[in-house]
Every structure is written in C-alpha cells, then in structure tokens.
Amino acid sequence: MATHVPVLLREVMEMLDVQAGDSIIDATLGGGGYTNALLTAVAPHGRVLALDCDPGAIERVRSFDWAIEAGARLQLEHGSFGDVQHIVEAQNFPSPAAIVADLGWSSLQLADSRRGFSFQDDGPLDMRLDPTSEHPTAAQLLKMQSEQELETMIRTLGEERHAPRIARAIVSKRQSAPIVTTKALADLITEATPRRGKIHPATRTFQALRIAVNDELGVLQQAIPEMLSVVRSGGRIAIVSFHSLEDRIVKRIFRSAEERGIGTRVTKRPLRPSGEEITNNPRSRSARLRVFETTS
Ligand SMILES: C[S@@+](CC[C@H](N)C(=O)[O-])C[C@H]1O[C@@H](n2cnc3c(N)ncnc32)[C@H](O)[C@@H]1O
C-alpha cells in the first residue's frame, strides 16, 4: 500500500518549536505525518486542527489508531487553506501558536491513477486535489483553452521551453479526439518534443496543468496573509514548497510582512533537505522550508 513519507519533518518540528498545551494548525494533512508529530509535541492537552482539500485524505487519517486515540485533541476538516481564517472562526479554534503548510500533492494522491496526477500509469486527466470541487479538470482545461492560453500556461506554470510545440500538438490532436487520459497526453508530449535530459518530457506540462487546475499559486497568495492574521502574536508559520514559483510567493510575502513590521523571517534563506533525506526520499529533493514569526 502506498504511504507518504513526510518531508523535512525534523526541520519543521525544530523550527515550529511547539510546546505542550499549544494549539496548532496543520493546513495540509496529507498522510498525517506532520499532524501525528504535532499531536505528540503538544500532548497531553494541546490541540491540532488539520485541513485538507481532499476528503479522501481526511477519511483515511480518521481511521488511524493515533488519530482515534487523540480524540477531541484532533479536529479534521475538509477545506482549503485559502479559507483558513473562515475555518478557524467557524470551528471556534483558538488562535494557533503555529501553522504549517506542506504544499502540493501527497505520494498517496500521485499513486492513485484515478486522480490523474501521474503519467506513469494511465488514468483520467482529472488532477483536482479536491475531487468534490466544481473546478474544471485537466481534460476540460485542455479542451477549453486556446493554443495561446495553453502555451502561456505550460510556459509560465511548467517553466517548459517547448511550450509552443506542446500547445500546438494539443490543439492538433484534440481536433480528431478529446485528450482525456494521462497516457494520451504524455504520449503526445513525448512525440512533440525532442528527448533530452533526465526528466520525462511530460513532467513540466503535468506540473503546469496541476497548478492551473487547482489555482495553486492564487490560493497560496490568498492563504499566507490569512495565516499571518490568524496565528497568535509571537507564533510561527512554516511553509514547505516544492518548486520555485511557490517558493517565490512565500519569500515575497514573508519579506513584505517583515518590512511592514508584522514580524521577522526566521529563515532568511530556505532550509533544504539533507543529502541523507534526499537519498531516502527522492521526492524531498526540491523541498524548501521558509519560516516566519509574528511580533509578540
Ligand atoms: C505534501 S502533502 C502533505 C503531507 C503531510 N505533511 C504529511 O506529513 O503527510 C500535501 C497535501 O495538501 C493538500 N492540499 C493541497 N492544497 C491544499 C489546499 N489549498 N488546502 C488544503 N489542503 C491542500 C493535498 O490534498 C495533500 O493531501
């Protein structure tokens, strides 16, 4: 069975420095690795509110022994961290001592071919992190967008230099049949691009589509200011990102918050995983952790 190995867990826990009795928000529950560690750190009375926009993640963790044992100390909520302020108010959760967000998808979501995140196995081109949302799926985006829109999306969100060729190939292919499976898209990209380098030629286009389908950058830009206003004075926010577009947003908003006197950047440069972590968990390779502390 697939599992999700938490990335930068030791560094996140050291940086958050949570204390017994604290209330904490894990904005991205995933496989529950951070939440479990946080519950232990705030025991015996501290609480964790854990969010995930994927209801499957919530239901899975709900059945774990440690989650059952935590009882009322653990609140699991289906929702987006873009709505963190509203969720905290609606749940009457105390102003947290720390908020952590570990962005993107979990290995569990990637391994489930029905979700459409991976080009390794064939599946429907969905890519919604929240399958209950009414946002267009990746297949619908490929159908709706003009060639120019596709090219811009693939270039900016995937940082893909072959974006014009890929966009042209998508438009040409969809004239004969809609592109609705991960394999169809991956094959089309492989045919349209020169094969060079270590990564699969579809990697960057899949990244672009996932970011676009879930409006990941827009949600992040909305969420960080909300986190800054929700966390208690002297509290910390830790964000783990996995590509430069996300990291740039975190860096810019933390720097601007510092300039406005809201607090200080605990990490002036992002923390990266050790060589040992990268060897044991290659997914951690691109992770960057930035931490901010609000003024007391
Ligand atoms: C990298 S995983 C988190 C792994 C977790 N830290 C652990 O230790 O298992 C990211 C999770 O965040 C969720 N997610 C992504 N965007 C979200 C959002 N805007 N709001 C809430 N959850 C989100 C995904 O559904 C996924 O389950």
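How much space lies in the largest pocket? About 1,000 Å³. A word on terms before I go on. The search runs on a 1 Å grid over the protein atoms alone; a pocket is an open set of points with protein on both sides within 12 Å along at least five of seven lines, whereas a cavity is a set where a 1.4 Å probe fits but cannot get out, and a lining residue has an atom within 4 Å of a point. Points are joined across faces, edges and corners, and the volume is the space filled by probe spheres set on them.

This is a predicted model, in which local features need pLDDT of at least 70 and side-chain atom pairs count only at pLDDT 80 or more, while totals for chains, interfaces and linings use all residues. Residues are numbered from 1 along each chain as its sequence is written, and side-chain values use heavy atoms, with hydrogens and water left out.

Back to the largest pocket. It is lined by 27 residues, and Trp-105, Thr-203, Gln-207, Arg-285 and Ser-286 are the closest to its centre. Helix H11 (203–213) and helix H13 (244–259) each supply at least two residues of that lining, and H11 gives the most, with 5 residues. Helices here are DSSP runs of H or I with at least four residues, strands are runs of E with at least two, and both are numbered from the N terminus. By class, the lining has 9 nonpolar, 10 polar and 8 charged residues. For that count, Ala, Val, Leu, Ile, Met, Phe, Trp, Tyr, Cys and Pro are nonpolar, Asp, Glu, Lys and Arg are charged, and the others, Gly among them, are polar.

Next, the second largest pocket, with a volume of about 700 Å³. Its lining has 39 residues, and nearest its centre are Asp-52, Cys-53, Ser-80, Phe-81 and Leu-129. Helix H2 (33–42), strand E2 (47–52) and helix H12 (216–230) each supply at least two lining residues. The largest share, 4 residues, comes from H12. The classes here are 13 nonpolar, 17 polar and 9 charged.

Which residues have the most contacts inside the largest nonpolar core? They are Ile-170, Leu-185, Ile-224 and Met-227, in a core of 60 residues. H12 provides the largest share of this core, 7 residues. A second, separate core has 30 residues, including Val-18, Leu-29, Val-48 and Phe-242. A nonpolar core is a set of buried Ala, Val, Leu, Ile, Met, Phe, Trp, Tyr and Cys residues joined through side-chain atoms within 4.5 Å. Buried means under 20% relative accessible area, exposed over 50%, and partly exposed in between, with a 1.4 Å probe and protein chains only.

Leu-185, leaving aside neighbours within four places in sequence, is in contact with Leu-125, Leu-142, Ile-170, Ile-179, Phe-206 and Leu-209; contact means heavy atoms within 4.5 Å. Thr-182, in helix H10 (residues 182–192), counts as buried because its relative accessible area is 0%.

Now the loops. Asn-281 sits between helix H14 (275–280) and strand E7 (288–294). Is Asn-281 buried or exposed? Buried, because its relative accessibility is 11%. Not counting residues up to four places away in sequence, Asn-281 touches Val-5, Pro-6 and Val-7. A polar atom of the Asn-281 side chain lies 3.4 Å from the backbone oxygen of Val-5. Asn-281 and Glu-293 are 12 residues apart in sequence, yet 29 Å apart in space, C-alpha to C-alpha.

Asp-112 is in the loop between helix H6 (107–111) and helix H7 (138–144). Its side chain makes a polar contact of 3.0 Å with the side chain of Arg-114. A polar contact is a pair of N or O atoms within 3.5 Å; within protein, one must be able to donate a hydrogen and the other to accept it, and residues adjacent in sequence count only if both atoms are side-chain atoms.

Last, backbone geometry. The peptide bond from Ala-43 to Pro-44 is cis, with omega near 5°, and Pro-44 lies in the loop between H2 and E2. Glu-159, in the loop between helix H8 (147–158) and helix H9 (163–174), has a positive phi, near 50°. Asp-215, in the loop between H11 and H12, has a positive phi near 45°. Asp-215 counts as partly exposed because its relative accessible area is 41%.
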